[in-house]
Amino acid sequence: MMKTLIFFFATSLCVFRLTAQENTDSFSFTPPEKKISESLYNKITLIDGRRDTSFMGIAQTGMLNRKARVIPDPAISVQVNNLFRVLIDNTAKEGELVLHIREFSFAELTGSMSEKGYCYLQAGLYSKRDNMLGQLATIDTVVLVKAMDVTKKMYRAGSSVLTDFIASNLTITASQSTLYTYDEVARIDSIEKQTIKLYSSATLTDGLYKSYNSFKDQKPDATDVICDIDNNDIRIKDGKGKSIKPKPKEVYAIVCNRTAYIATDYGFYPLTKQHGDFFFNGKVKSTANSGDVIAASVFFGAIGGLIASNSATSTYEIKIDHLSGGFIQMKEIKNVGQPDSVY
């Protein structure tokens with residue numbers, strides 16, 4: 001089974017190496033083309049959960065496609081409030097929305113004939129009632145645009161996806177069956193993990209998992225797994241009972257003797273659990289001619305590596321995204337030998 005690719009941006013933004021003279025490019029929301037009548041809300045509050053609230057990824061500017069840090073101008077909190085005031089009209093009823101932005105990043109890649117721009121948005125909308133928050137909707141998406149000069153088009157696409165997300169929920173009432181405090185929304189990751197068996201279980205179930213959904217539910221697709229870790233060997237039994245090596249492209253993860261191994265283009269790497277998250281050290285593809293890109297705007301598929309026309313391999317510490325199983329680059333591991341993989 002081929003895996004669906006869901007792209008994720010690198011989260012180790014702090015390791016971005018600036019040139020001697022920092023190059024920046026400003027992002028601001030495009031004003032919405034129409035207003036929403038009869039909105040149930042006339043106020044919005046932002047909970048900005050991004051790791052770096054002053055940085056929104058990397059764009060390419062000028063004739064030479066210089067890498068530039070994307071910065072919000074003005075701050076995202078100011079922009080969201082300004083956007084909201086333009087989005088509603090005088091028919092809006094009294095009510096408060098709470099927008100929780102978890103990720104909002106841009107990245108560009110240059111091809112032979114055109115450029116590709118990506119915007120990654122992960123956010124939640126809540127309705128406030130008596131100091132409690134009821135969830136209206138969530139969004140976790142990547143928008144792709146193509147053009148000869150893609151930067152402005154990419155910004156407009158990013159602006160539109162967040163604007164449309166807010167606009168489509170202005171006339172909806174949140175279910176009151178599950179309510180959160182502001183603090184709970186701000187740490188929603190830990191609350192979500194409590195409901196995922198992969199994260200809440202003390203031990204993992206041996207077997208082969210073809211998808212992240214089966215892995216997070218700890219429901220293996222096959223249980224005939226034979227492990228010989230000392231010889232870097234993992235095998236499964238096929239339909240005829242024959243022992244065969246599993247193909248990483250057809251597997252998400254394998255658990256042997258309660259230890260999980262994640263499948264990548266380069267084989268299987270052991271997962272370790274630290275501070276409530278799963279990590280592995282392994283090789284991923286990276287751009288060969290843009291060192292700053294690998295530090296600040298690389299993004300990965302659920303299993304695949306970086307999309308780039310020219311590529312090399314590097315070793316990184318990578319975290320598993322608990323919502324989708326995607327790979328999130330944390331930091332490059334330098335001056336080490338090849339990572340141990342079981343293939």
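Reader: In what order do the strands of the open sheet lie, and which strands form its edges?

Author: In this predicted model, the order across the open sheet of 5 strands is β3-β6-β7-β8-β9, and the pairing is mixed. Strands β3 (43-48) and β9 (179-180) are the edges, since each of them pairs on one side only.

Reader: How many bridges join β7 to β8, and do these strands run parallel or antiparallel?

Author: Strand β7 (residues 115-129) and strand β8 (residues 132-147) are antiparallel, with 15 bridges between them.

Reader: Which strands does helix α2 touch?

Author: Helix α2 (residues 151-167) packs on the sheet and touches β3, β6, β7 and β8. The angle between the directions of α2 and β6 is about 160 degrees.

Reader: Across which strands does helix α1 lie?

Author: Helix α1 (residues 76-87) lies across β3 and β6 (96-110), at about 155 degrees to β3. Its 12 residues span 16 Å from the first C-alpha to the last, close to the 16 Å expected at 1.5 Å a residue.

Reader: Which residues of α1 are buried, and why do they fall on the same side of the helix?

Author: An α-helix has 3.6 residues a turn, so residues three or four places apart point the same way. In α1, the buried residues are I76, Q79, V80, L83, F84 and L87, where buried means under 20% relative accessible area. They are on the same side of α1 because the arc they cover around the axis is only 135 degrees.

Reader: Against what do the buried residues of α1 pack?

Author: Their partners are β2 (24-27), β3, β5 (66-72), β6 and α2.

Reader: What describes the protein as a whole?

Author: The protein contains 7 helices and 21 strands. Of its 343 residues, 49% count as buried. Among contacts between residues at least 6 apart in sequence, 68% join residues at least 24 apart.

Reader: What is the mean pLDDT, and where does pLDDT stay under 50?

Author: The mean pLDDT is 80, and 79% of the residues reach 70 or more. Residues 1-21 have pLDDT below 50, and the model gives this stretch 74 contacts beyond near neighbours in sequence. Over residues 286-311 the pLDDT likewise stays under 50, and the model has 83 contacts beyond four places in sequence for that stretch.

Conventions:
Residues numbered from 1 in each chain as written. Predicted model: local features only at pLDDT ≥ 70, side-chain atom pairs only at ≥ 80, totals over all residues. Heavy atoms only, no water. Pairing = 2+ DSSP bridges. Helix = DSSP H or I, 4+ residues; strand = E, 2+ residues; numbered from the N terminus. Contact = heavy atoms within 4.5 Å. Axes fitted to C-alpha atoms, helices over the stretch in contact; angles between N-to-C directions. Expected span 1.5 Å × (residues − 1). Buried < 20%, exposed > 50% of the residue type's maximum accessible area, 1.4 Å probe, protein only. Arc of directions from axis to C-beta. pLDDT = per-residue confidence, 0-100.
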